[in-house]
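Biologist: Before we go through this chain, could you say for each label what rule stands behind it?

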Amino acid sequence: MHIAIEGCCHGELEKIYETIALIEKKHGIKIDLLLCCGDFQAVRNERDLESMSVPPKYRQMQSFHKYYSGERTAPVLTVFIGGNHEASDYLWEICCGGDL
């Protein structure tokens, strides 16, 4: 089993998945699991963005919403551990865990 570990994601899933694809191609492997450790920033919409625990100048809609809406599909099982800069309103909806 090949596991990729990412530090703070900051909602930039497209960049992370692109990097994983490059690693897979370069090494001839398949990454089975992506573990994101801190500041995942699962921001679905403007309301989530407003609830994010960051100064306003850092509130940016990244690419998570594309995966949430089904516009894009994650190429690898992705598990995250939240950090101190999360969209807390959304995470409270699933406070016992679950699929995003």
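Modeller: Helices (H or I, at least four residues) and strands (E, at least two) are DSSP runs, numbered from the N terminus. Under that rule the elements of the chain run β-α-β-α-α-β-α from the N terminus on, with four helices and three strands. This is a predicted model, in which local features need pLDDT of at least 70 and side-chain atom pairs count only at pLDDT 80 or more, while totals for chains, interfaces and linings use all residues. Residues are numbered from 1 along each chain as its sequence is written, and side-chain values use heavy atoms, with hydrogens and water left out.

Biologist: What makes the three strands an open sheet, and which are its edge strands?

Modeller: Two strands pair if DSSP finds at least two bridges between them; E1 and strand E2 (residues 33–37) have four bridges in the parallel sense, so they count as paired. The order of the open sheet is E1-E2-E3, with parallel pairing, and its edge strands are E1 (3–6) and E3 (77–81), each of which pairs on one side only. From one strand to the next the twist averages 20°, where axes are lines fitted to C-alpha atoms, for helices over the stretch in contact, and angles run from 0 to 180 degrees between N-to-C directions.

Biologist: How do you know that helix H1 packs on this sheet?

Modeller: Contact means heavy atoms within 4.5 Å, and helix H1 (residues 13–27) touches E1, E2 and E3, its direction making about 135° with that of E2.

Biologist: Why is Met-52 called buried?

Modeller: Buried means under 20% relative accessible area, exposed over 50%, and partly exposed in between (1.4 Å probe, protein chains only). Met-52, in the loop between H2 and helix H3 (64–69), has 2% relative accessibility and therefore counts as buried. Among the residues that Met-52 touches, not counting those up to four places away in sequence, are Gln-41, Tyr-58 and His-85. Met-52 and His-85 are 33 residues apart in sequence, yet 6.3 Å apart in space, C-alpha to C-alpha.

Biologist: What makes one space a cavity and another a pocket?

Modeller: On a 1 Å grid over the protein atoms alone, a cavity is a set of points where a 1.4 Å probe fits but cannot get out, and a pocket is an open set with protein on both sides within 12 Å along at least five of seven lines; lining residues have an atom within 4 Å of a point. The structure holds one cavity of 30 Å³ or more, and the lining of the largest cavity includes His-10, Gln-41 and Phe-64. The second largest pocket holds about 190 Å³ of space, a volume being the space filled by probe spheres set on points joined across faces, edges and corners; His-10, Gln-41 and His-85 are among its lining residues.
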